[in-house]
Every structure is written in C-alpha cells, then in structure tokens.
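I opened this entry to keep track of what I looked up. I went chain by chain, then turned to one helix pair and one loop.

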Amino acid sequence: MQVAIASGKGGVGKSTITASLLYLLKDRYKLIAVDADAEAPNLGLLLGVEEWEEEREHFGAKVARINSESCVRCGICYERCPYECIYMDDEGNYVVNELTCEGCNVCGLVCPVPGTITLEQVRSGVIRRATTKYGFPIISAQLDVGKPESGKLVTEEKEWAKKLMDELNLEHMIVDSAAGIGCQVIASLGGADVAILIAEPTPASLSDVQRAYKVVQHFREPAYLIINKADLNPGFTKLREWAEAEGIPVIGEVPYDRAIPKSMAMLKPVVEVFPESPASKALKEIADVIAEEILG
Amino acid sequence: MQIAVSGGKGGTGKSTVAINLAVELAKRFKLVLADLDVEAPNDHLLLGVDLANEEPVNQFMPRFDYSKCTKCRKCAEVCEEHAIITLKDGTPFLMPTLCSGCRACEIVCPVPGAILEGSRLIGHTYVTETHYGFTLVTGKLREGEERSMPLVVEAKRRARNLDYELMMVDTAAGTGNTVSKAIEGSELLIAVTEPTPLGIHDTELILQLGRLMNLKTWVVVNRADLGDVGRVREIAGRYGAEIVAEIPYSESIVKSYVSGRPIVLEEVPEAKIFRELAEKVANFLGGDE
C-alpha cells in the first residue's frame with residue numbers, strides 16, 4: 001500500500017509525525033519511507049540518516065542559454081519568454097536567468113539566428129537511498145537550488161521506491177510530501193492508496209489543508225486527518241467541524257509538547273526518546289489506528 | 001525597491017515576519033506586500049482581511065483545428081512537457097494538465113489557424129486593501145494545478161503595476177525556481193528559520209540561493225529558544241549573512257497569528273523585535289528621513 005502524508009501548509013509537523021509513525025510501525029510491517037519534499041528534505045535528518053548508500057544524479061531539467069557572440073540583440077526572446085526569465089546584463093547582452101528558467105524553449109524557437117539559443121540539459125538534483133538505523137530503507141531527493149520541476153524528482157523517487165518494494169518484498173510505502181499543493185504534492189498523492197492529512201487548529205492551516213484535500217479528491221483517495229498541536233488554540237473548532245462536514249475521519253490529536261523540538265535536536269523520533277511524553281502517547285494511539293484501519 | 005521574505009523550510013514564520021514588517025514599514029513607505037506562496041497563501045488570514053478584487057489567471061492552451069492540421073507532429077516534438085501526444089497518423093492531442101502554456105507549439109506550427117487560442121483557468125490573483133495602509137497582492141493556484149510558476153509571475157506582475165515605493169514579497173516554502181522567481185529583483189533577502197536541525201538544514205539551502213542570486217541576506221531566527229542558535233549563526237556566517245533578529249516561542253505570537261491581528265500592534269515585548277527589525281530594514285533601504 002502507498003500512504004501519502006500531506007498538509008498544504010508547511011511546518012505543521014508532517015515530517016515529525018511521519019518519522020514517529022515509521023518508528024512505531026516498523027516492527028509490524030515491512031516499510032519504505034519516501035521524503036517527497038525535494039526542495040527542503042528533512043525526513044532523513046529526523047531518522048538519523050548520516051550517510052547515503054547510493055546517490056543518483058538527475059539531469060531532467062533543461063535551461064536555455066544564449067550565445068552572445070552570435071546574438072543580434074533583437075530582443076524577441078526577451079519579449080516572448082512566458083516567465084520573464086530573460087534580462088539584459090550590464091554589457092547589453094541578453095541573458096537567461098537559469099534560476100528561474102522553466103526550460104520551455106520558446107526563446108530558442110523564436111530566435112531568428114539559428115544556433116544562438118540552445119536548450120541544455122542540466123542537473124536538477126540528486127535522489128538518494130539509505131537504510132535507516134531502524135532497518136527500513138528511505139529514499140530522499142534534493143533539488144539543486146533554483147531548479148525547476150521538483151515534481152519530476154518526486155516521481156522518480158517513487159519509481160525507485162517501487163522497485164525496492166518489489167526487490168525487498170516490502171509492504172507499504174510512506175510518502176512524506178512537500179508543503180503546498182503543486183507539482184511535488186501532486187506527484188506524492190498520485191498513485192497513493194490513502195492520504196493522511198496533517199493540520200493544526202489555526203485558520204492558515206485549515207485554509208491550506210482544505211486546498212490539499214481538494215487535490216486528494218481529484219485522485220479520489222480516502223483521506224484521514226491528524227490534528228497536530230491540538231491544544232494550541234482551544235477556541236478554534238472550525239478544523240474539526242470541517243473534517244466532520246467532509247466526512248474525513250480524525251484519527252488522532254497530538255498535543256503541543258516541548259518533547260518534540262527536544263527530540264528533533266537529538267535527530268530521533270519523539271516516540272523513541274520520550275516515549276512517555278504526551279505527544280508520544282498520542283502518536284502511539286494514532287499508529288494503532290493506522291495499523292488497524294488503514295494498513296490492515 | 002523590493003525585498004523578499006523566504007526561508008526554505010515551511011512553517012518557520014515567513015508570513016508572520018512578512019506581515020508584521022509590512023505593517024511597520026508601511027508607516028515609512030508606500031508599500032505593497034505580495035503573497036507569492038501561491039500554493040498556500042495565508043497573509044490575508046494573518047492580516048484579518050478577506051481577499052478582494054479577484055482576477056482570473058488563464059493560461060494559454062492550444063486548441064487544434066483538425067480541418068487545417070497537416071499532422072506534421074512539430075507541435076508534439078517541441079513540447080518540452082510532452083503535453084501533446086500524436087496518434088499513429090500524426091493527429092495531435094493535448095493532455096491539458098501537462099500543458100505549461102508556453103506557446104512553443106503555436107510558434108512552430110507551420111499552418112496559420114491550425115492551432116487556435118484556448119485557455120484554462122489556473123488560479124486567481126487578488127488586490128486587497130489592508131487596515132494598515134498598505135496593499136496586499138495575493139496569488140492563489142487552483143487546486144489540482146501543478147505549476148505555480150505562471151501564477152507567481154502573474155501575481156508579481158499585478159503587484160508591479162500598482163503604485164508603490166517598496167514591494168515586499170513573501171515566498172513559498174522550498175528552494176526551487178518558483179521561490180527564486182518570487183525573490184528575483186529584491187535588494188534584500190530575509191531568511192526566516194528556526195534553530196532546529198531541519199530549519200538549519202533548509203536555511204543553508206536558502207542561503208545558497210541568496211548567494212547564487214547575489215543578494216544581501218539577513219537571517220531571522222524564529223522560536224529561537226527551541227534550539228541551537230549558535231549553529232544557525234555558524235552557517236549564516238559561512239554565507240556572510242547576519243542574524244538580525246531572534247524571536248522567542250511566544251503564546252502572544254500564536255494568539256495574534258490565530259486572531260488575524262498583527263502582533264506589532266500590541267504592547268508586548270515581541271512587538272518590539274519586529275519594530276526594531278523594520279527600523280533596520282528601513283535604514284538599509286535608506287527610507288528614514
């Protein structure tokens with residue numbers, strides 16, 4: 001089974017909760033973890049991964065380059081770039097900003113001087129594999145900063161993870177998605193059997209998780225909700241009300257607990273180092289519900 | 001002038017810093033705040049305003065006039081997104097969700113009129129007057145759409161067309177090219193982080209981006225009492241970035257965050273941190289008298 005964990009909003013506890021759930025479920029199932037936040041990958045850190053056993057570079061990204069020798073400075077590329085990525089440098093040369101280029105090649109197609117603008121394949125990032133000290137493997141990607149198409153890296157990660165699942169006879173893939181609702185999240189949710197949403201009781205988190213849920217609905221996946229920092233904002237009932245109205249089962253509430261940042265600093269799941277803390281107790285109950293109702 | 005608030009990791013407090021700075025800086029500059037976190041825009045919620053002046057963002061999508069199409073396959077060949085597939089005989093079909101709207105197909109099509117103008121709604125932009133003397137511009141990607149870049153570009157364009165002295169941009173989490181697009185054109189990058197190993201890891205990524213973009217970069221450490229600020233300082237130092245503010249974990253900030261009233265308006269110690277930071281930004285920009 002493939003379980004994707006998403007939230008819309010960043011920093012609500014996706015990776016923290018994922019790390020703890022992996023720890024709690026590792027003896028019951030044969031798991032593989034996928035850190036699908038290629039722009040800010042953190043799950044490996046939380047699981048204490050120090051060394052990657054295998055690293056694959058990815059050259060999927062393309063960026064345009066302008067040869068200033070043959071460029072006639074007509075400015076057509078500058079006018080036609082759909083994403084405003086071409087600018088004129090101090091010497092009057094048209095230059096592509098490689099940190100914002102989407103690689104669509106429109107500039108190359110409209111350029112009147114053949115061979116002046118070329119689309120070049122560049123490295124978009126790396127995908128890595130490690131075995132965590134808890135025994136299960138993890139796949140993690142890291143987009144090179146300023147590069148396009150982090151979603152494609154996530155798709156590649158999941159392909160790799162699927163192969164490993166076949167080879168090692170693993171049962172469940174747990175995908176920790178990025179913040180947002182764009183390409184990385186769509187790549188994470190696409191193909192998943194179940195989505196677990198994480199939100200905290202604040203208007204911002206509610207607004208973002210509602211958007212993430214709409215993406216989940218596109219894929220027609222069953223969704224569950226975990227409320228993190230559940231006691232953060234006692235008067236705020238709208239999150240629960242929304243879940244109820246949508247028929248999304250709330251599978252647990254994790255209280256705000258200083259044991260969590262402490263465990264993070266130790267690079268270990270909170271359930272491992274502070275098993276008796278309030279957050280850990282809640283997470284254990286959630287893991288049991290996931291085992292019973294989702295993973296079976 | 002333009003400055004950017006970013007941070008790499010999600011949920012470090014980018015929007016909190018952005019809106020509080022905006023409230024303060026609006027006293028000195030005619031200010032526009034652009035919420036370019038188009039996948040999860042929240043600045044309006046933190047400012048307690050409803051989004052206004054909605055405008056649709058439509059993206060070009062080719063429509064094929066099959067009576068004119070010569071089935072030459074050129075459109076499919078140039079499509080970097082592989083959004084156009086062709087049947088055995090060369091008849092093109094569009095996979096709308098893959099289309100980025102770049103118009104490469106239209107450019108190479110040799111038959112006038114074979115590719116017609118189509119469009120798809122990918123999101124909206126908003127221009128909202130806040131209660132604090134500045135304008136908020138927001139981009140909001142439609143759920144199910146994959147590409148945030150066109151919306152970032154469009155929201156920024158709408159912001160640029162307003163009358164302002166200072167534009168502040170609040171970016172999405174992450175460090176990819178939509179974040180660099182949002183930051184582009186800034187004179188100062190304020191990276192908001194938290195002193196956890198995760199925050200520190202992602203700060204380094206945003207500092208790398210700042211360096212690649214040749215940007216003066218400052219670091220704001222949020223929830224500074226929840227970790228090791230020394231480690232943040234060490235990494236910031238490596239990139240020549242200064243730590244300009246340390247914000248403690250604070251119930252008051254949580255309360256203001258939830259109530260939609262910026263903390264800088266309250267008489268609490270945390271407000272002073274934001275006021276001083278605004279002062280520092282204003283001095284950097286040369287906006288004080």
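I count two residues as in contact if their C-beta atoms, placed from the backbone, lie within 7 Å. I am working with a predicted model.

**Chain B, overall**

I applied that contact rule to chain B. Among its contacts with a separation of 6 or more, 73% join residues 24 or more positions apart. I then checked burial. Of the 289 residues in chain B, 56% are buried. I listed the secondary structure of chain B and found ten helices and eleven strands. I also took its extent along the principal axes. The C-alpha atoms of chain B fill a box of roughly 70 × 40 × 35 Å.

**Chain B, domains**

I looked up the domain assignment of chain B. Domain 1 covers 2-56 + 122-285. Domain 2 covers 66-113. Over C-alpha atoms, the centres of domain 1 and domain 2 of chain B are 40 Å apart.

**Where chain B touches chain A**

I went to the interface next. Here 52 residues of chain B are in contact with 54 residues of chain A. Which helices of chain B each supply at least two residues to this side? I noted α2 (43-47), α4 (104-108), α5 (149-160), α6 (177-183), α7 (197-212) and α9 (251-259) of chain B. α7(B) gives the most, with eight residues. I sorted the side of chain B that touches chain A by class. It has 23 nonpolar, 18 polar and eleven charged residues.

**A helix pair in chain A**

I moved to α7 (residues 203-218) and α8 (residues 238-246) of chain A. These helices pack at an angle of about 20°, with their axes 10 Å apart. Angles under 35 degrees count as roughly parallel, so α7(A) is roughly parallel to α8(A). Their crossing is right-handed. I wrote down the residues that make the contact. From α7(A) they are Leu206(A), Gln210(A) and Tyr213(A). From α8(A) they are Lys238(A), Leu239(A), Trp242(A) and Glu246(A). By class, this contact has four nonpolar, one polar and two charged residues.

I followed chain A on to Gly247(A), which lies in the loop between α8 and β13 (250-254) of chain A. Is Gly247(A) buried or exposed? I found 8 other C-beta atoms within 10 Å, and 12 or fewer counts as exposed, so Gly247(A) is exposed. Last, I checked Gly247(A) against Ile76(A). They are 171 residues apart in sequence. In space they are 53 Å apart, C-alpha to C-alpha.

Technical notes. Residues are numbered from 1 along each chain as its sequence is written. Chains are lettered from A and ligands numbered from 1 in the order in which they are written. This is a predicted model: local features need pLDDT of at least 70, side-chain atom pairs count only at pLDDT 80 or more; totals for chains, interfaces and linings use all residues. Axes are lines fitted to C-alpha atoms, for helices over the stretch in contact, and angles run from 0 to 180 degrees between N-to-C directions. Helices (H or I, at least four residues) and strands (E, at least two) are DSSP runs, numbered from the N terminus. Angles under 35 degrees count as roughly parallel, over 145 as roughly antiparallel, 65 to 115 as roughly perpendicular and the rest as oblique. A crossing is left-handed if the near helix is turned anticlockwise from the far one by less than a right angle, and right-handed if clockwise. Ala, Val, Leu, Ile, Met, Phe, Trp, Tyr, Cys and Pro count as nonpolar, Asp, Glu, Lys and Arg as charged, and the others, Gly among them, as polar. Domain bounds come from an automatic or database domain assignment. A residue is buried if 20 or more other C-beta atoms lie within 10 Å of its own, exposed if 12 or fewer, and partly exposed in between; C-beta atoms are placed from the backbone.
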